[in-house]
Amino acid sequence: MRYLGFLLLVAVVVYTVTDIINAPDEDLHGLPRGIWLVLVVLIPVLGSVVWFAVSVNGRRSRGEALGGPRSGPRTAPGGHPAPGRQGPLAPDDDPEFLWRLEQERRRRAGETGTDGSTPPTSDDSSR
């Protein structure tokens, strides 16, 4: 119990340093990674609090879930942010997938001279 505060401080610093190292460049807000690391190591309490405030605010402004993946917001084919929830979508709900599927269908239709669908065949055995 005597060292609980010290161990908690060490854990917060280790977590913060790991978070800074893995953070995308837009979370750094113009400061080099080294400056953030020095700030957190030399002034652990203040540095960690400032880092958490800045990084959480940056993630919220980009619409990312806290603790979620940091892969940037999903975009629709035109480069506009995709509406709705963030994260993986089923292929038939993913506008980007559907757009690529339509482009592939059009490309194939251009190669074969058809709309990509199979022409109806007559069944000779039904006569």
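Glu111 counts as exposed, because its relative accessibility is 58% and the cut-off for exposed is over 50%. This is a predicted model.

Glu111 pairs with Arg107 in a salt bridge. Their closest N and O atoms are 2.5 Å apart. Both residues sit in helix H4, 4 residues apart, so about one helical turn separates them. Arg107 has a relative accessible area of 40% and is therefore partly exposed.

Arg108 and Glu104 are both in helix H4. They are 4 residues apart, about one turn of the helix. Arg108 is exposed, because its relative accessibility reaches 51%. Glu104, with a relative accessible area of 29%, is partly exposed.

Another of the salt bridges joins Arg106 to Glu102. The closest N and O atoms are 3.1 Å apart. Helix H4 spans residues 95-112, and these two partners are 4 residues apart within it, so they are separated by about one helical turn. Glu102 is partly exposed because its relative accessible area is 28%.

Which residues are linked in a network of salt bridges? The network is made up of Glu104, Arg107, Arg108 and Glu111.

## Aromatic pairs

The structure holds 2 aromatic pairs. One of them brings together Tyr15 and Phe52. Their ring centres are 5.9 Å apart. The planes meet at 35 degrees, so the pair is tilted. An angle under 30 degrees would count as stacked, and one over 60 as edge-to-face. Tyr15 belongs to helix H1 (residues 4-22), and Phe52 to helix H3 (residues 44-62). The two residues are 37 residues apart, and their pair links distant parts of the chain. Phe52 is partly exposed, because its relative accessibility is 27%.

Trp36 and Trp51 also form an aromatic pair. What is its geometry, and how far is it centre to centre? The pair is edge-to-face, with 70 degrees between the planes and 5.0 Å centre to centre. Trp36 lies in helix H2 (residues 33-42) and Trp51 in helix H3, so the pair ties together parts that are 15 residues apart in sequence. Are these tryptophans buried or exposed? Trp36 is buried, and Trp51 is buried too.

## A nonpolar surface patch

Val38, Val41, Leu42, Ile43, Leu46 and Val50 make a nonpolar surface patch. Its area is about 530 Å². Helices H2 and H3 each supply at least two residues of the patch. Which helix gives the most? H2 does, with 3 residues.

Leu42 is one of the patch residues. Leu42 lies in helix H2. Its relative accessibility is 66%, so Leu42 counts as exposed.

Phe52 of H3 pairs with Tyr15 of H1. Trp51 of H3 pairs with Trp36 of H2.

Definitions and conventions
Residues are numbered from 1 along each chain as its sequence is written. This is a predicted model: local features need pLDDT of at least 70, side-chain atom pairs count only at pLDDT 80 or more; totals for chains, interfaces and linings use all residues. Side-chain values use heavy atoms; hydrogens and water are left out. Rings of Phe, Tyr and Trp (its six-membered ring) pair if their centres lie within 6.5 Å; planes under 30 degrees apart count as stacked, over 60 as edge-to-face and the rest as tilted. Buried means under 20% relative accessible area, exposed over 50%, partly exposed in between (1.4 Å probe, protein chains only). Patches are made of residues with over 30% relative accessible area and no salt bridge: like charges are joined within 9 Å, nonpolar side chains (Val, Leu, Ile, Met, Phe, Trp, Tyr) within 5 Å. Accessible areas come from the Shrake-Rupley method with a 1.4 Å probe; for residues, only the protein chains shown count as cover. A salt bridge is a side-chain nitrogen of Lys or Arg within 4 Å of a carboxyl oxygen of Asp or Glu.
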